[in-house]
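Visitor: I would like to learn how to read a model of this kind, feature by feature. Could you give me the general idea each time, and then the case at hand?

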Amino acid sequence: MSIKTNKIAFQGDFGANSDMACRDMFPDMDPLPCQTFEDAFVALESGDADLAMIPIENTIAGRVADIHHLLPESRLHIIGEYFMPIRFQLMVLPGVTKDEVRTVHSHIHALGQCRKIVRANGWKAVVAGDTAGAAKLVQETGDRSMAALAPRLAADLYKLDIIAENVEDTEDNVTRFVILSRDEKWAERGAAEEKLVTTFVFNVRNIPAALYKALGGFATNSINMTKLESYQLGGKFVATQFYADIEGHPGDANVRRALEELQFFSEKVRILGVYKGHPMRGLLQK
């Protein structure tokens, strides 16, 4: 990785979960807030940042759909991953009580991860651009009926009171982030117990049972596929792209054979990254 700006881009305002992930993983880098995921990609591609920290899936809310469209179309590469337990705090203006709250503002995924407390209190959920942005909005609006669901860091930054702690629907609330770079850098094969992850996208050929045939090599070569998702391209139901994570390195003999078989039955295969698996990966799969 070529260091030019010492900045790492993320989507959201300061205090968002993505900001916290940047600070946890790269404490010596300067987080660069971006309004949208696309803006974060552009910041990295244009050289305004050296890396980007992007959420790709959550154990409760599922995949972050925008990323599965943006990443394959970009020139960026995955060089790492980070798993972060997500904890949401209900925050309000100083002195406001829970009885005064009428609306709760946050990112759509955060609202989906905290449905129980919103429904139990009969509050109206209002979608904001990001979690920290919702906290900032509460501060700037000055409306005592507004609350935000955001990380604890946002309450400190925007001088809000936390009136309910850790309000996510389940303790098993974890977001997986991928670390993006302009430079392609595959992790080297290390110790046998070290988990390496290869992420790729592919489009199968238009033949009967193409997906079954394309993936057969992973089964026969005993490769663990930890993620497989499909989505439509160009608004057409006949154009499907698949996104996959497997455990292993393309330099491993069994992975090489499986990828060769995949390529035979596919119109396009692109490896997005080869990187070390985060320690929590193994814990979540047990």
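Guide: Let us begin with contact, which here means heavy atoms within 4.5 Å. Please keep in mind throughout that this is a predicted model.

Visitor: Which residues does I246 touch, leaving out those up to four places away in sequence?

Guide: I246 touches L196, V197, T198, F200, F218, I223, N224, M225 and V255. The residue itself belongs to strand β14, which covers residues 236-247.

Visitor: Is I246 buried or exposed?

Guide: A residue counts as buried under 20% relative accessible area, and I246 is therefore buried, since its relative accessibility is 0%. As for distances, I246 and H278 are 32 residues apart in sequence, and their C-alpha atoms are 14 Å apart in space.

Visitor: Where does P27 lie, by contrast of topic, and how far is it from N224?

Guide: P27 sits in the loop between α1 (17-25) and β2, and with a relative accessible area of 60% it is exposed. Between P27 and N224, one of the residues that I246 touches, there are 32 Å from C-alpha to C-alpha, with a separation of 197 residues in sequence.

Visitor: How should I read the backbone angle phi?

Guide: Most residues other than glycine have a negative phi. Against that background, K159, which is not a glycine, has a positive phi of about 55 degrees, and N166, also a residue other than glycine, has a positive phi near 50 degrees.

Visitor: Where do K159 and N166 lie?

Guide: K159 lies in the loop between α7 (152-158) and β10 (161-164), where it counts as exposed because its relative accessibility is 61%. N166 lies in the loop between β10 and β11 (174-181), and this residue is partly exposed, with a relative accessible area of 41%. A positive phi, near 95 degrees, is found as well at G47, the residue that follows α2.

Visitor: Which residues of helix α2 are buried?

Guide: In α2, which spans residues 37-45, the buried residues are F37, A40, F41, A43 and L44. Viewed down the helix axis, these residues fall within an arc of 160 degrees, so they line one face of the helix. They pack against β1 (7-11), β2 (30-34), β3 (51-58), α3 (65-73) and β11.

Visitor: What should I look for in a strand such as β11?

Guide: The general idea is that in a regular strand the side chains alternate between the two faces of the sheet. In β11, both faces are covered, with V174, R176, V178 and L180 buried on one side and T175, F177, I179 and S181 buried on the other; the strand thus has 8 of its 8 residues buried.

Visitor: How many bridges join β11 to β3, and how many to β5?

Guide: β3 and β11 run antiparallel and are joined by 7 bridges, while β5 (residues 77-85), likewise antiparallel to β11, is joined to it by 8 bridges.

Visitor: Into which domains is the chain divided?

Guide: The chain is divided into domain 1 (7-85 + 173-181), domain 2 (89-164) and domain 3 (196-284). Taken over C-alpha atoms, the centres of domain 1 and domain 2 are separated by 23 Å.

Visitor: How is the interface between two domains described?

Guide: The size of an interface is often given as the accessible area lost when the parts come together. Domain 1 and domain 2 bury about 1,100 Å² between them, with 57% of it on carbon and sulfur atoms, and 17 residues of domain 1 are in contact with 14 residues of domain 2.

Visitor: Which residues of the largest nonpolar core touch the most other members, and where does this core lie?

Guide: This core has 43 residues, of which L90, M91, V104, I117, A135 and L149 touch the most other members. Its largest share, 5 residues, comes from strand β9 (residues 146-150). Domain 1 and domain 2 both give residues to the core, so it lies between them. Another core, of 24 residues, lies apart from it and includes A43, I67, L71 and I78.

Visitor: What is V104 in contact with, beyond its neighbours within four places in sequence?

Guide: V104 is in contact with L90, L111, V118, W123, K124, A125, V126, A147 and L149.

Notes:
Residues are numbered from 1 along each chain as its sequence is written. This is a predicted model: local features need pLDDT of at least 70, side-chain atom pairs count only at pLDDT 80 or more; totals for chains, interfaces and linings use all residues. Side-chain values use heavy atoms; hydrogens and water are left out. Helices (H or I, at least four residues) and strands (E, at least two) are DSSP runs, numbered from the N terminus. Buried means under 20% relative accessible area, exposed over 50%, partly exposed in between (1.4 Å probe, protein chains only). A nonpolar core is a set of buried Ala, Val, Leu, Ile, Met, Phe, Trp, Tyr and Cys residues joined through side-chain atoms within 4.5 Å. Domain bounds come from an automatic or database domain assignment. The arc is that of the directions from the helix axis to the C-beta atoms. Two strands pair if DSSP finds at least two bridges between them. Buried area is the accessible area (1.4 Å probe) that two parts lose on being put together, summed over both.
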